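This briefing sets out selected computed features of one structure for review.

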Amino acid sequence: MTSDVKEYLINGDEPLHKILEKLNKTGKRNLFQVKNRRLAGVINDGDIRRFLLKGGSLNDCATDAINPHPKFLFNTERNNAERFLAENKISAVPIVDENLCVIDIISCFDRVDVTQTSIRELTAD
């Protein structure tokens, strides 16, 4: 697992203010909860906002605001990631093995980075 993948992962026991700090620090739009190495949930700032509007607190456990039904792809389906991201209007999808252990995260920004690099190479003199 790469360090970039680890930036997306949380255990869910953290208070929500720590989750917001991690979202802000990493610039990620989603964080994925892992329990016993298996994908267990997803959270983003919208989930936190909705939780707070229902009377929750930033000191509450992140698990209280996590969506327990994250979208994911199996490793054998990873070639469909770009289409999956677009169809589901999500910015990142975890890639899991047959045991639902996260082995990679594919982000819509991965494609942007490649495109920007290619553009720079084409315009370089």
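Does K28 count as buried or exposed? In this predicted model, K28 counts as buried, because its relative accessibility is 16% and the cut-off for burial is under 20%. The points below begin with the surroundings of K28 and end with the largest pocket.

**Surroundings of K28**

- K28 is located in the loop that runs between α2 (16-26) and β2.
- A polar contact of 3.1 Å joins the side chain of K28 to the side chain of D4.
- When neighbours within four places in sequence are left aside, the contacts of K28 are D4, E7, Y8 and L23.

**Aromatic pairs**

- The model contains 2 aromatic pairs.
- One of these is formed by Y8 and F32, whose rings are tilted, with 6.1 Å from centre to centre and 40° between the planes.
- Because Y8 belongs to the loop between α1 (3-7) and β1 (9-10) and F32 to strand β2, this pair ties together parts that are 24 residues apart in sequence.
- Y8 counts as buried because its relative accessibility is 5%; F32 is likewise buried, with a relative accessible area of 2%.
- F72 and F74 form an edge-to-face pair, at 5.4 Å centre to centre and with 90° between the planes.
- F72 counts as partly exposed at 28% relative accessibility, and F74 counts as partly exposed at 32%.

**The loop residue P68**

- P68 lies in the loop between α3 (45-53) and β4 (73-74).
- With a relative accessibility of 52%, P68 counts as exposed, since the cut-off for that class is over 50%.
- Beyond its neighbours within four places in sequence, P68 is in contact with A40 and G41.
- The C-alpha atoms of P68 and V42 are 6.6 Å apart in space, although the two residues are separated by 26 residues in sequence.

**The largest pocket**

- The largest pocket holds about 210 Å³ of space.
- Its lining comprises 13 residues, and those nearest the centre of the pocket are N30, V42, N44, K71 and I90.
- Strands β2 (30-35) and β3 (38-44) each contribute at least two residues to this lining.
- By residue class, the lining of the largest pocket consists of 5 nonpolar, 5 polar and 3 charged residues.

Technical notes. Residues are numbered from 1 along each chain as its sequence is written. This is a predicted model: local features need pLDDT of at least 70, side-chain atom pairs count only at pLDDT 80 or more; totals for chains, interfaces and linings use all residues. Side-chain values use heavy atoms; hydrogens and water are left out. On a 1 Å grid over the protein atoms alone, a cavity is a set of points where a 1.4 Å probe fits but cannot get out, and a pocket is an open set with protein on both sides within 12 Å along at least five of seven lines; lining residues have an atom within 4 Å of a point. Grid points are joined across faces, edges and corners, and a volume is the space filled by probe spheres set on the points. Helices (H or I, at least four residues) and strands (E, at least two) are DSSP runs, numbered from the N terminus. Ala, Val, Leu, Ile, Met, Phe, Trp, Tyr, Cys and Pro count as nonpolar, Asp, Glu, Lys and Arg as charged, and the others, Gly among them, as polar. Buried means under 20% relative accessible area, exposed over 50%, partly exposed in between (1.4 Å probe, protein chains only). A polar contact is a pair of N or O atoms within 3.5 Å; within protein, one must be able to donate a hydrogen and the other to accept it, and residues adjacent in sequence count only if both atoms are side-chain atoms. Contact means heavy atoms within 4.5 Å. Rings of Phe, Tyr and Trp (its six-membered ring) pair if their centres lie within 6.5 Å; planes under 30 degrees apart count as stacked, over 60 as edge-to-face and the rest as tilted.
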